[in-house]
Structures are given as structure tokens and as C-alpha cells.
Amino acid sequence: MKKKYLFIAILIISTLLTGCGKERKADILENNSKKINKLCPVRVDSLLILDSTFYNREKNSMTYFYTASGILDDSLLLHKNYNQIKSSLIDAMDNSVDMKKFKDYEVTIIYKYNSDTTGNELATFTLPTKKE
């Protein structure tokens, strides 16, 4: 399973490294999203499945759609701990070599979590990467 997740990260990095220019970067991100979607669904861990991704050119955002199960399949828990979870996601993104090109390209990262039991949205986390 870790090999599949690592493959996705390597695929992202390798395609992003070849980019140049705003349109080229958007093409790369859009194509990368399509390639990841061909591999989905991907079990990330015992509680999360990556269902799909979507790159929005107009908003320069990459959305990751997840299905949450077990203890994460609880909107009250996620909302109660929203700020802490978002902070952890930002820290993980800031410390991730895999996310460097997203930061360089100032891509807004959006994580959407849906319930495994109801299919309803549990939470959305938006992580802007604009350089300041």
C-alpha cells in the first residue's frame, strides 16, 4: 500500500518538475490529477480512502476527495477539532518535499472528507499556498 502512495507522490513530483510557464503548469497539474484518478480509489490508511482529485484552472486549486471511516466518520469530531486538524495539515504540507512544487506554483490545496456511512460531507480544509 505504501508503494502505491509513494508512486502517486513520485508521479506528482516528476510531472511537476518538467513544467514551465503558467499554462504549462496548469496543463501538468490537470494531467496529473487525471493520472491519479486512474489509480483511485487508494487506501491511504485504515481510516481514509483517496477517491479522486480535481484541478481547477480558474482557481489554481487541487482538491483531494476522501472517504473517512471509523473514528474519522464523525462530523462533530472533525468540526470540534477543525483548527487543530487544519494546523496539522498545514504543518505536514510545509514540511513535505512532495508538496514543494504546489507551494512554488501557489496552488491552493483543498481536502474534502465524506462519510463512509452516509456519503455526506464531513469537513473541508482549504490550505492556501500563496507566497507572502
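Entry 1. I looked up Val42 and found that it stands opposite Leu50 in strand E2. The model I am reading is a predicted one.

Entry 2. Next I checked how E1 and E2 are joined. I found 2 bridges between E1 and strand E2, which covers residues 48-56, and the two run antiparallel.

Entry 3. Then I asked myself: in what order do the strands of the open sheet come? I read E1-E2-E3-E4-E5, 5 strands with mixed pairing. The edges belong to E1 (42-43) and E5 (121-127); each has a single partner strand, so one side of each is left without a neighbour in the sheet.

Entry 4. I wanted to know what packs on this sheet, and I came to helix H4, residues 82-94. Helix H4 touches strand E4 (108-115) and also E5. I noted that the direction of H4 makes about 45 degrees with that of E5.

Entry 5. Time to step back. How many helices and strands does the protein have? I counted 5 helices and 5 strands. Starting at the N terminus, I wrote their run down as α-α-β-β-β-α-α-α-β-β.

Entry 6. I looked up burial too: of the 132 residues in the protein, 37% count as buried.

Technical notes. Residues are numbered from 1 along each chain as its sequence is written. This is a predicted model: local features need pLDDT of at least 70, side-chain atom pairs count only at pLDDT 80 or more; totals for chains, interfaces and linings use all residues. Side-chain values use heavy atoms; hydrogens and water are left out. Helices (H or I, at least four residues) and strands (E, at least two) are DSSP runs, numbered from the N terminus. Buried means under 20% relative accessible area, exposed over 50%, partly exposed in between (1.4 Å probe, protein chains only). Two strands pair if DSSP finds at least two bridges between them. Contact means heavy atoms within 4.5 Å. Axes are lines fitted to C-alpha atoms, for helices over the stretch in contact, and angles run from 0 to 180 degrees between N-to-C directions.
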